[in-house]
Amino acid sequence: MHSVKNRLLAKFSVFIGLLMGARVFIAVLLIFALYVSTFFLFNQEETLREFVFDFKVHAIILCSFLSILAGGIINQFYDKEKDQITKPFRTKLQNFIAQKHYLYLYLILNTLSLGIAASMSFRIFIFFLIYQFMMWFYSHKLSKMLIVNNLSFVGLSLYPFFGMLVYYQTFSMHILLMSVYLFSILISIDITKDILTKNADRIFGYQTIANSFSTTVSRRVTSLILLLNIGVTIGIICLKEVHNIMKLYFEIGLFIQIITLILLLKSQKYYSFTVINLLRLWVFVGIISMLVDGIVTYLRLSH
């Protein structure tokens, strides 16, 4: 009986390690955000029924999901030594699976994604081939390059959204400003995160603003980005395309960013950790707000 429990516990640990190695939870959140933004922001013509049966869109999002999972695996492969210091619990769970098995899964996920993409069109195939190459190149080289690491990380996080924007060819001022808003929030999170991993980054050769200059400079850079983003937020609020729940979201967002600026004045690491979680939470609230706002608008128009 005891041995059976041990085997079940070992299998459960392997399963959790696999989920964490592939960053499944982050991938699911990104795909949820991609679905919400695709239907309620980029899609201006299709009805709900047309969208549900638009298998090409679902296939593109599936390719994105598989590629994001593969990107999480290759990233943890290159960051393994640093993660042993910064994320010891997660690393311990991941160690239940041999690295070669992660690499096999990485190749399978990428191949499956490219196979689906190729079945749709050559352009979609090239789009995901570039995406997968850049995620590998980020993990291999770009993640250790000053400033480039922050820009490339956020750029790759938004890459699938850019793909759906091009697919629907929905270009407007409010989408541009909302993209700048999200980009600014995400890069603020990433720069602040480097403050918490400053010592480990220095040991393993990751050049960040925090360890190349100082944590004070990191906080000032983040504060400047958020100050500029407050201007962007005001611009979004003034647009007629933004109303109801989303307008309220950006109005509250002004105060969230001001609170963040105040927290960045504090030197303790606890406040940096609070800034990261506050901004992450606010991004998630934004996704939910867009979903609720879109549903309310859709129901009103349908009647």
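At 42% relative accessibility, N244 counts as partly exposed, a class that lies between buried (under 20% relative accessible area) and exposed (over 50%), as found with a 1.4 Å probe on protein chains only. N244 belongs to helix α14 (residues 244–264); helices here are DSSP runs of H or I with at least four residues, numbered from the N terminus. The phi angle of N244 is near 50°, a positive value in a residue other than glycine. Most residues other than glycine have a negative phi. I147 also has a positive phi, near 65°, and sits in the loop between α8 and α9. With 42% relative accessibility, I147 is partly exposed.

The model is predicted, so local features need pLDDT of at least 70 and side-chain atom pairs count only at pLDDT 80 or more, while totals for chains, interfaces and linings use all residues. Residues are numbered from 1 along each chain as its sequence is written, and side-chain values use heavy atoms, with hydrogens and water left out.

Two packed helices are described by the angle between their axes and the distance between the axes. The axes of α8 (residues 122–140) and α9 (residues 148–168) come within 11 Å and cross at roughly 160°; these axes are lines fitted to C-alpha atoms over the stretch in contact, with angles from 0 to 180 degrees between N-to-C directions. The two helices are therefore roughly antiparallel, the term for angles over 145 degrees. On the α8 side, the residues that meet α9 include F127, Y131 and Y138, and their partners in α9 include F153, L156 and P160; contact means heavy atoms within 4.5 Å.

Helix α8 also carries Q132, which is buried at 7% relative accessibility. Leaving aside neighbours within four places in sequence, Q132 touches S67, Y106, N110, S113 and L114.

Helix α4 (residues 55–78) has 24 residues and reaches 35 Å from its first C-alpha to its last, close to the expected 34 Å, which is 1.5 Å times one less than the number of residues. Because 17 of its 24 residues are buried, α4 is largely enclosed by the rest of the structure.

Conventions:
Parallel < 35°, antiparallel > 145°, perpendicular 65-115°, else oblique.
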